[in-house]
Amino acid sequence: LAFRVDTPYEISLARSGDVSSTMFFNEGKRDICVYNTGIMPFEICVFTRSIDNRLIEDGYLEIVYIIEIKGACAQKTILRMEAEKYDRG
């Protein structure tokens with residue numbers, strides 16, 4: 001998960017392993033991504049409906065997005081994340 005502090009509503013999420021993908025979330029916009037299943041990669045369209053990025057202030061992130069796959073129904077998804085501060089001391 002990555003974003004710049006000056007653009008908290010533009011987020012990228014990379015997933016690796018047997019299934020890998022990199023998705024880009026930009027509120028109110030569509031982005032074409034590749035979803036690699038290990039058997040065959042295919043394109044998905046991610047439409048970001050809303051982003052509530054308070055990771056820096058409150059340790060909270062919520063992204064509401066629609067995944068569209070050619071020939072299949074759209075899927076509404078909500079990604080919620082909470083993070084705790086890590087004390088290295």
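**Group meeting: a walk through a predicted model**

Setting aside neighbours within four places in sequence, Leu 61 is in contact with Leu 1, Ile 11, Ile 51, Asp 52, Asn 53, Leu 55, Leu 79, Arg 80 and Met 81. Contact here means heavy atoms within 4.5 Å.

Before going on, a word on the source. This is a predicted model, in which local features need pLDDT of at least 70 and side-chain atom pairs count only at pLDDT 80 or more, while totals for chains, interfaces and linings use all residues. Residues are numbered from 1 along each chain as its sequence is written, and side-chain values use heavy atoms, with hydrogens and water left out.

Now the overall layout. The protein has 1 helix and 7 strands, and along the sequence they follow the pattern β-β-β-β-β-α-β-β. Helices (H or I, at least four residues) and strands (E, at least two) are DSSP runs, numbered from the N terminus. The C-alpha trace spans about 50 × 30 × 20 Å along its principal axes.

How many of the residues count as buried? Of the 89 residues, 25% do. Buried means under 20% relative accessible area, exposed means over 50%, and partly exposed is in between, with a 1.4 Å probe and protein chains only. The protein exposes about 6,600 Å², and carbon and sulfur atoms supply 50% of that area. Those areas come from the Shrake-Rupley method with a 1.4 Å probe; for residues, only the protein chains shown count as cover.

Contacts between residues at least 6 apart in sequence can also be sorted by separation: 20% of them join residues at least 24 apart.

Next, the core. Which residues make up the largest nonpolar core? The 12 residues are Ile 11, Met 23, Phe 25, Cys 33, Ile 44, Val 46, Ile 51, Leu 55, Leu 61, Ile 63, Tyr 65 and Ile 67. Strand 3 (20-26), strand 5 (41-54) and strand 6 (60-68) are the elements that give two or more residues to this core. The largest share, 4 residues, comes from strand 6. Leu 61, where I began, is one of the core residues.

Leu 1 is among the contacts of Leu 61. Leu 1 sits in the segment before strand 1 (2-4) and is partly exposed, with a relative accessible area of 42%. Not counting residues up to four places away in sequence, Leu 1 touches Ile 11, Ser 12, Leu 13, Leu 55, Leu 61 and Met 81. Leu 1 and Ala 74 are 73 residues apart in sequence, and their C-alpha atoms are 23 Å apart in space.

On to strand 3, where two residues sit. Is Ser 21 buried or exposed? Ser 21 is found in strand 3 and is buried, because its relative accessible area is 6%. Beyond four places in sequence, Ser 21 is in contact with Leu 13, Ala 14, Arg 15, Val 34 and Tyr 35. Thr 22 also lies in strand 3, but counts as partly exposed at 34% relative accessibility. With residues up to four places away left out, Thr 22 touches Leu 13, Ala 14, Cys 33 and Val 34. The C-alpha atoms of Thr 22 and Ile 67, 45 residues apart in sequence, are 13 Å apart in space.

In strand 4 (residues 30-36) we find Asp 31, which is partly exposed at 25% relative accessibility. Leaving aside neighbours within four places, Asp 31 is in contact with Phe 24, Ile 44, Cys 45 and Val 46. Asp 31 and Thr 48 are 17 residues apart along the chain, and their C-alpha atoms are separated by 8.5 Å.

Now the rings. Rings of Phe, Tyr and Trp (its six-membered ring) pair if their centres lie within 6.5 Å; planes under 30 degrees apart count as stacked, over 60 as edge-to-face and the rest as tilted. By this rule there are 2 aromatic pairs. In one of them, the rings of Tyr 35 and Phe 42 have centres 5.5 Å apart and planes at 45 degrees, so the pair is tilted. Tyr 35 is partly exposed at 22% relative accessibility, and Phe 42 is partly exposed at 29%.

Lys 85 lies in the segment after strand 7 (75-82) and counts as exposed, at 84% relative accessibility. The C-alpha atoms of Lys 85 and Ile 56, 29 residues apart along the chain, are separated by 9.7 Å.

Methods:
A nonpolar core is a set of buried Ala, Val, Leu, Ile, Met, Phe, Trp, Tyr and Cys residues joined through side-chain atoms within 4.5 Å.
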